[in-house]
Amino acid sequence: MLIKGILDPEDAKDAVRFGADGIIVSNHGGRQLDGVLSSCRALPPIADAVKSELTVLADSGIRSGLDIARMVALGADAVLLGRAYIYALAAGGQRGVTKLLDLMEQELRVAMTLTGARSISEITSDSLVKAMG
């Protein structure tokens with residue numbers, strides 16, 4: 001069982017108590033509440049709280065291979081591609097989705113090369129640029 005829409009570490013801990021196999025950190029594309037916390041901001045404290053106890057997936061805003069690397073660096077075990085594959089499907093059918101996935105894989109490989117990660121498991125928060133000031 002996966003529970004989607006988690007944006008708070010306490011809700012993630014509840015998911016563990018309820019016996020969930022995993023959670024999906026998602027703000028549903030921001031459609032439900034216009035000022036809600038972004039998934040990438042919510043992800044690190046959630047992953048810190050429960051990552052050892054269940055699978056943490058990230059959704060919302062993944063549009064490139066670099067976005068995949070960022071979400072993994074922030075604590076996701078994997079990501080979901082909500083709108084991106086729908087757009088690719090609408091634009092090009094199965095070939096469009098295949099092209100999207102190939103492009104995302106290439107972008108992810110470039111991001112990994114530039115950060116020195118030889119495998120997905122080597123993508124960590126150290127791979128991210130830290131804010132100045």
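Which residues have the most contacts inside the largest nonpolar core? The legends below take up this question and the elements around it, in a model that is predicted.

**View 1. The largest nonpolar core and the elements that supply it.** In this predicted model, the largest nonpolar core has 34 residues, and those with the most contacts inside it are Ile23, Val25, Leu43, Ile46, Met71 and Ile123. Two or more residues of this core come from each of H1, E2, H2, E3, H3 and helix H4 (83–115), and the largest share, eight residues, is given by H4.

View 2. Between strand E2 (residues 22–25) and strand E3 (residues 55–58) the parallel pairing runs over four bridges, and valine 25 stands opposite alanine 58 in E3.

**View 3. The surroundings of isoleucine 23.** When its neighbours within four places in sequence are left aside, isoleucine 23 is in contact with Leu2, Ile3, Ile6, Ala12, Ala15, Ile46, Val50, Leu54, Thr55, Val56 and Leu57. Among these partners, Ile46 and Val50 also belong to the buried residues of H2, while Ile23 and Ile46 are both listed with the residues that have the most contacts inside the largest nonpolar core.

View 4. With 12 residues, H2 reaches 16 Å from its first C-alpha to its last, close to the 16 Å expected at 1.5 Å a residue. The buried residues of H2 are Ser39, Ala42, Leu43, Ile46, Ala47 and Val50; they cover an arc of only 130° around the axis, which puts them on the same side of H2. An α-helix has 3.6 residues a turn, so residues three or four places apart point the same way. The buried residues of H2 pack against E1, helix H1 (9–17), E2, E3 and H3, whereas Arg41 and Asp48, on the other side of H2, are exposed.

View 5. The relative accessibility of serine 60 is 15%, and because buried means under 20%, serine 60 counts as buried.

Technical notes
Residues are numbered from 1 along each chain as its sequence is written. This is a predicted model: local features need pLDDT of at least 70, side-chain atom pairs count only at pLDDT 80 or more; totals for chains, interfaces and linings use all residues. Side-chain values use heavy atoms; hydrogens and water are left out. Two strands pair if DSSP finds at least two bridges between them. Buried means under 20% relative accessible area, exposed over 50%, partly exposed in between (1.4 Å probe, protein chains only). The expected span of a helix is 1.5 Å times one less than its number of residues. The arc is that of the directions from the helix axis to the C-beta atoms. Contact means heavy atoms within 4.5 Å. A nonpolar core is a set of buried Ala, Val, Leu, Ile, Met, Phe, Trp, Tyr and Cys residues joined through side-chain atoms within 4.5 Å.
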